[in-house]
Amino acid sequence: MDKYLSVTALTKYIKYKFDQDPHLQNVFIKGEISNFKRHSSGHLYFALKDDKGVLSAMMFKSSASKLSFEPKEGDQVLIEGRIGIYESRGSYQIYVQTMQLDGIGLLYEKFEALKKELSQKGYFDANHKLALPKYPKKIAILTASTGAAIRDICSTLDKRYPLAEQVLISTLVQGKEAKDNIINNINKADAMNVDVIIVGRGGGSIEDLWSFNEKEVVEAIYNCSTPIISAVGHETDTTLSDFVSDIRAATPTQAAIIATPDINELYNLINNARKYLTKHITQSIQSDKQKLNQLSSYYKLKSPSLLYDQEIQQLDDLHKQLNRNLDQIILRNNHRIDILQNKLKIGPIEHSVNQYRQTLDRLNSEQSQQMNRIINNKKQLLSTKLVQLDALSPTQIMLRGYSILEKDDKIITSKEDLNIHDDITINLKDGKIKANVKEIR
């Protein structure tokens, strides 16, 4: 019976062998994570499998805290650790010391790390993004010279907004030299005074699109003074260029749509504006014509003499009133002379009479002078008013060499009322001339 070993003894022996084997103390294994669990203690338990086998794995909390990613079911990983025996179950497992993502997983890990770094530096902040011009005149397209992307962008631009000039810059979008080529072409397009830059390519794997995740490419887009639309890959693809660009388009076709207005919508907008302007201009012309008709029918303008007839009549009345006043003054003075003569009881006193006569002559002279001044003032006032009225006469204005311009029966008062090639009518003192506008200064 001594030759039979207990299970515990055999397990301890095997464990001893494992622990003594230097080839099992530091092994490198790759595989897929399966049955992943995180214990409340912080330790990780999972299985590492490939097409033909499964290996139990365990990672202590101290090592797990150093991971740069969050392990999950299905991750392809590269593991470094030691092989040991777990005695209570009699099974062997790997005690993981380090673990990193394998292949594509590494790229995703690098992508997330670079995304976090650039985000903290403010490269993706909205306040740094530029607004697209509403009506671009020149659009630079950075993509491969052949392929679906360039065809989709150009055909969409031709249909939507053929007014924009397309500047095609053949760009490498994949491979070792793509990064530098993309950066150089972004700087080139930025210096060409274009309105919008579209950077794009078709879909692909993360490796195919990696040039647009390079830090230097992101910095070139960030430092570009021209608005950039990123149209890299399909709708489900995301690159760091999408985050830093001013606008991200899901596809190259959508990038062309975002960059330009729809010419059909512009036609509708122009037609609506034309209708609006025509309506309001017509209403304005009709209103002005109505005002002109009202002014033209004003009775005083039809008979300018009515403006000064009243003044002439009033002048005649004043002249009559002045004559009456003079006659009354003379009568009163004569009456006073008679009274004074009657009061004299002694014969005529020659000296007194002479004095009174001199006084009378002086008064008559002053009276005549005053009357002449009043009459001259009134005549001068009448002449001034007649000159003023005559100066206001349209006929007198035209006699001085002026003319009246009309367009569509409307008097022209400003050059803003005329356009080149308008037909106008020139009214002169002795007729009318039809003319055409050749220049406005």
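Helices (H or I, at least four residues) and strands (E, at least two) are DSSP runs, numbered from the N terminus. This is a predicted model, in which local features need pLDDT of at least 70, side-chain atom pairs count only at pLDDT 80 or more, and totals for chains, interfaces and linings use all residues. Residues are numbered from 1 along each chain as its sequence is written, and side-chain values use heavy atoms, with hydrogens and water left out.

View 1. The C-alpha trace spans about 205 × 60 × 35 Å along its principal axes. The radius of gyration of the protein chain is 54 Å, whereas a compact globule of 441 residues would have one near 22 Å; the radius is taken over C-alpha atoms, and the globule rule is 2.2 Å times the number of residues to the power 0.38. Of the 441 residues, 29% count as buried. Buried means under 20% relative accessible area, exposed over 50%, and partly exposed in between (1.4 Å probe, protein chains only). The accessible surface comes to about 29600 Å², and 52% of this belongs to carbon and sulfur atoms. Accessible areas come from the Shrake-Rupley method with a 1.4 Å probe, and for residues only the protein chains shown count as cover. Among contacts with a separation of 6 or more, 60% are between residues 24 or more positions apart, where contact means heavy atoms within 4.5 Å.

**View 2. Charged side chains of the protein chain.** There are 59 positive and 54 negative side chains, and the centres of the two sets lie 8 Å apart. Lys and Arg count as positive and Asp and Glu as negative, while His and the chain ends are not counted. The place of a charge is taken as NZ of Lys, CZ of Arg, CG of Asp or CD of Glu.

**View 3. Strand β1 and its partners β2 and β4.** Two strands pair if DSSP finds at least two bridges between them. β1 and strand β2 (residues 44-49) are antiparallel and share 5 bridges; R38 has L44 in β2 as its bridge partner. The two strands form a hairpin with 5 residues between them, and G42 in the turn has a positive phi of about 100°. Strand β4 (residues 76-86) also runs antiparallel to β1, joined to it by 6 bridges. In this pairing, K30 has L78 of β4 as its bridge partner.

**View 4. N35 within strand β1 (residues 27-38).** The phi of N35 is near 55°, a positive value in a residue other than glycine. N35 counts as exposed because its relative accessible area is 53%.

**View 5. M59 in strand β3 (residues 54-59).** M59 counts as buried because its relative accessibility is 1%. Leaving out residues up to four places away in sequence, M59 touches H43, L44, A64, L67, V96, Q97, T98 and M99. K129 lies 70 residues from M59 in sequence, and the C-alpha atoms of the two are 44 Å apart in space.

**View 6. Strand β8 (residues 196-201), largely enclosed by the rest of the structure.** Of the 6 residues of β8, 6 are buried, so the strand is largely enclosed. V196, I198 and G200 point one way from β8, while I197, V199 and R201 point the other way, and all are buried. Strand β6 (residues 138-143) pairs with β8 in the parallel sense over 4 bridges, with L142 having V199 of β8 as its bridge partner. Strand β9 (residues 228-232) runs parallel to β8 and is joined to it by 5 bridges. In that pairing, I198 stands opposite I229 in β9.

**View 7. An open sheet of 4 strands, in the order β12-β11-β13-β14.** The pairing in this sheet is antiparallel. Its edge strands, β12 (410-411) and β14 (431-436), each pair on one side only. Strand β11 (residues 404-407) and strand β13 (residues 423-428) are antiparallel and share 3 bridges. L405 has I426 in β13 as its bridge partner.

**View 8. D408 in the loop between β11 and β12.** D408 is not a glycine, yet its phi is positive, at about 55°. D408 counts as exposed because its relative accessible area is 56%.
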